[in-house]
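Please read the following report on one chain with its sequence and its 3D structure at hand.

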Amino acid sequence: MTHAMLKGSNVPLEATAVRAVLRWTPGQGVPDVDASALLLGADGRVRSDEDFVFYNQPRHPSGKVWRLGKKRVAQGLTDTVQTDLAGLDPAVSRVLLVASAENTAFEHVPALRILLYDAAAGEAEPLAYFDITPQTGEETALICGELYRRGDVWKFRALGEGYLNGLEGLAGDFGISVDESEAVPEPTTEASLPQPHPQRQPLPATQAPAPQAPAPQPFPAPAPQPSYGYPPTPPRHQPAPQPSYGYPQHAPAHAAPVPQPSYGYPQPVAPMPDPNFRLPPQGPQFLAR
């Protein structure tokens with residue numbers, strides 16, 4: 001007979017090994033749910049971190065508690081944890097059955113149910129089931145139920161207790177050492193990345209290159225000075241001095257120069273006067289007295 005459990009109720013178990021199956025209805029916006037288990041001693045805490053069976057440690061070192069993994073069934077999706085009750089260490093007094101949804105509240109997980117099966121009975125009817133309703137809807141981890149000893153008898157209790165800080169917070173309350181830097185790694189930002197060196201860009205076609213500074217010019221050579229006794233050469237931008245009145249003008253630049261005799265040669269002879277040349281009549285002031 002299958003027992004429909006209410007929160008806080010319990011039922012004795014005759015099976016020596018049980019499968020705890022979490023089941024929910026998938027859909028758009030529904031998170032993935034993970035099943036896990038914590039093995040607790042008489043003090044209500046784990047003996048070591050090895051007593052935590054979850055997705056990163058799917059099997060207990062004793063081999064008595066392990067995850068079977070997810071499966072799709074007609075009613076939805078499932079994730080399962082199996083426990084060998086008869087083979088558990090006597091120091092283990094409780095096994096917590098936990099559901100977690102990474103960073104998502106359980107208000108977005110419809111029809112969440114835990115079903116307990118006799119592992120030796122195959123696909124027989126479940127021994128018990130419990131429909132889990134979160135208290136606030138904001139929980140991200142839930143203790144769905146627990147397997148616990150009462151003398152030589154194992155029992156199952158329906159709990160439905162929620163945690164707002166996820167599986168890490170729940171496990172930490174029972175003695176698991178949670179390294180938050182490993183559990184939730186920090187994302188890498190753009191500022192921490194090495195930035196590539198900027199590539200040099202060519203100048204736009206419309207942009208002229210920057211003017212270059214003029215090269216230094218050497219000092220101008222001093223103008224040659226005339227020899228002693230000769231007048232200096234007038235500057236180019238000033239007009240050449242004009243001769244005084246009565247002196248002959250300079251010959252034009254296009255006139256041919258008068259040939260000069262070589263040194264020591266006789267001077268050219270002046271032409272003979274014309275014997276027929278006569279002075280014109282002269283005034284009395286020019287007549288000899």
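In this predicted model, L97 stands opposite G145 in strand β11. Strands β8 (residues 94-101) and β11 (residues 141-150) pair in the antiparallel sense over 7 bridges, where strands are DSSP runs of type E with at least two residues, numbered from the N terminus, and two strands pair if DSSP finds at least two bridges between them.

Both strands belong to an open sheet of 6 strands with antiparallel pairing, in the order β2-β12-β11-β8-β4-β5. Because β2 (10-13) and β5 (52-53) stand at the edges with a single partner strand each, one side of each is left without a neighbour in the sheet.

Another open sheet, also of 6 strands, runs in the order β1-β10-β9-β3-β7-β6 with mixed pairing, and its edge strands, β1 (3-4) and β6 (65-73), each pair on one side only. Within this sheet A20 has V81 in β7 as its bridge partner. The table sets out the two strand pairs.

| Strand | Partner strand | Sense and bridges |
|---|---|---|
| β8 (residues 94-101) | β11 (residues 141-150) | antiparallel, 7 bridges |
| β3 (residues 17-24) | β7 (residues 76-84) | antiparallel, 8 bridges |

Helix α1 (residues 166-173) lies across β4 (33-40), β5, β8, β11 and β12 (153-163), running at about 30° to β11; helices are DSSP runs of type H or I with at least four residues, and such angles, from 0 to 180 degrees, are taken between the N-to-C directions of axes fitted to C-alpha atoms, for helices over the stretch in contact.

S36 is found in strand β4 and, at 2% relative accessibility, counts as buried, a term for residues under 20% relative accessible area with a 1.4 Å probe and protein chains only. Beyond four places in sequence, S36 touches residues including F52, V81, L97 and L167, a contact being heavy atoms within 4.5 Å.

The mean pLDDT of the chain, the predictor's confidence in each residue from 0 to 100, is 78, and 62% of the residues reach 70 or more. Over residues 181-209 pLDDT stays under 50. Where pLDDT is low, the predicted coordinates should not be read in detail.

Residues are numbered from 1 along each chain as its sequence is written, and side-chain values use heavy atoms, leaving out hydrogens and water. Local features need pLDDT of at least 70 and side-chain atom pairs count only at pLDDT 80 or more, whereas totals for chains, interfaces and linings use all residues.

Terms used: Buried means under 20% relative accessible area, exposed over 50%, partly exposed in between (1.4 Å probe, protein chains only).
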